[in-house]
Amino acid sequence: MNNLLKKYLSERINLEELENLRQIPEQELSESFKKDWDNFFTSPKEEQKSKRWRRVFLSSAAVLLSILLFSTILLWNRTNVLSSQDIVVTTGGSGERASVTLPDGSVISLNSNSSLSYKPEDFTGDTRSVTFEGEGFFTIAKSDSKKFIVHTSLVSVNVKGTTFNLLSREKDRAASLYLESGNVEFKSVASGYSIDMKPGEFASLDADGTGFIREENKDSNLITAWKQGEFIFINQNLKEVAKYLEYNFNTNIEFENPELESIPFTGTLPNSNLPEAIRILELSFGLQCTQKENVILFATKK
């Protein structure tokens, strides 16, 4: 107990030791103070002289210690409340992006219309975890003892230290992961089925959301181009292109003629400037695109 008191008074006590000190009865604390105080007065001549001051000290010390302990516990409880609150980072449309550094040093870059949430306390135990929706690039700090889990409504990712691009959009029931380095376990929330992935591999959730489709030798530049403010398309139809624009810019795109949807497009579009992206598509295919409120109509130029 004496060591705990010394640590407390010298402000070197940790939370576990503080809790142990808190459990000690006040009578024992007072006796310990008395014993320490007596050590200062070993001379018989000084003993009588110090009795009155010792009584004052013991009474004051007991009250002071109670106040200090109470204040410290209040601060401790306040800290616990703060650590249990969600920290949420979201990005909007029009190419808005964000970079988040987590308590363990991991860095997550968010694409447009994405969200990330976590509690600081989720990084104090054996498992680190975040909740995610949208698209992001994850650089996870390596730890041999603490695994890292990304939770989404469709899939979960279990990692130890790696870099990967994750897309998970509940609205389309679509999820995919490109692994740049390290190793991960990619798991379907619906079925519990999981696969282990290796660097350079790409996997997407299948149509019914219970399994995965693997692809190797996927061009990573196409997947992570959003980090440089671009969309890169290779032989993708206009309907697929329109989906990227809709998500990124919070807009809706309709086609006057369904045949336009299947036209293939190869090229680069900016992901932070909708008018410019639309203008490129107009010039490429002779389209006339008109916007009314939040709807853009793709039509053949007359």
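User: A polar contact is a pair of N or O atoms within 3.5 Å; within protein, one must be able to donate a hydrogen and the other to accept it, and residues adjacent in sequence count only if both atoms are side-chain atoms. With that settled, which residue's backbone oxygen lies 3.2 Å from a polar atom of the side chain of Thr251?

Analyst: That backbone oxygen belongs to Asn294. Please keep in mind that this is a predicted model, in which local features need pLDDT of at least 70 and side-chain atom pairs count only at pLDDT 80 or more, while totals for chains, interfaces and linings use all residues. Residues are numbered from 1 along each chain as its sequence is written, and side-chain values use heavy atoms, with hydrogens and water left out.

User: Where is Thr251, and is it buried or exposed?

Analyst: Thr251 sits in the loop between α6 and β15, helices (H or I, at least four residues) and strands (E, at least two) being DSSP runs numbered from the N terminus. Thr251 has a relative accessible area of 4%, so it is buried (under 20%; exposed is over 50%, and partly exposed in between, with a 1.4 Å probe and protein chains only).

User: And what does Thr251 touch, apart from its sequence neighbours?

Analyst: Once the neighbours within four places in sequence are set aside, Thr251 is in contact (heavy atoms within 4.5 Å) with Leu245, Glu246, Asn294 and Ile296.

User: OK, on to α6 itself. How far apart are its end C-alpha atoms?

Analyst: The end C-alpha atoms of α6, which covers residues 238–249, are 16 Å apart, and this agrees with the 16 Å that its 12 residues should span at 1.5 Å a residue, the expected span being 1.5 Å times one less than the number of residues.

User: Which residues of α6 are buried, and what covers them?

Analyst: Leu238, Val241, Ala242, Leu245, Tyr247, Asn248 and Phe249 are the buried ones. Their cover includes the strands β8 (163–169), β14 (230–237), β15 (252–255), β16 (264–270) and β17 (287–292), together with the helix α7 (274–285).

User: What caps the N-terminal end of α6?

Analyst: Asn237 does, with a side-chain oxygen placed 3.2 Å from the backbone nitrogen of Lys239.

User: And what comes just after α6?

Analyst: Just after the helix, Asn250 takes a positive phi of about 55°, although Asn250 is not a glycine. Like Thr251, Asn250 is found in the loop between α6 and β15, but Asn250 counts as partly exposed because its relative accessibility is 44%, whereas Thr251 is buried.

User: Switching topic: what does Asp172 do with Tyr247?

Analyst: Their side chains make a polar contact at 2.9 Å. Asp172 lies in the loop between β8 and β9 and is partly exposed, with a relative accessible area of 35%, while Tyr247 is one of the buried residues of α6.

User: Which residues beyond four places in sequence does Asp172 contact?

Analyst: Asp172 is in contact with Lys243 and Tyr247. The C-alpha atoms of Asp172 and Lys243 are 9.9 Å apart in space, although the two residues are 71 apart in sequence.

User: Last one: which residues line the largest cavity?

Analyst: A cavity is a set of points, on a 1 Å grid over the protein atoms alone, where a 1.4 Å probe fits but cannot get out, and lining residues have an atom within 4 Å of a point. The largest cavity is lined by Asn111, Ser112, Glu135, Arg169, Phe231, Tyr244, Tyr247 and Asn248, and α6 gives the largest share of that lining, 3 residues.

Terms used:
On a 1 Å grid over the protein atoms alone, a cavity is a set of points where a 1.4 Å probe fits but cannot get out, and a pocket is an open set with protein on both sides within 12 Å along at least five of seven lines; lining residues have an atom within 4 Å of a point.
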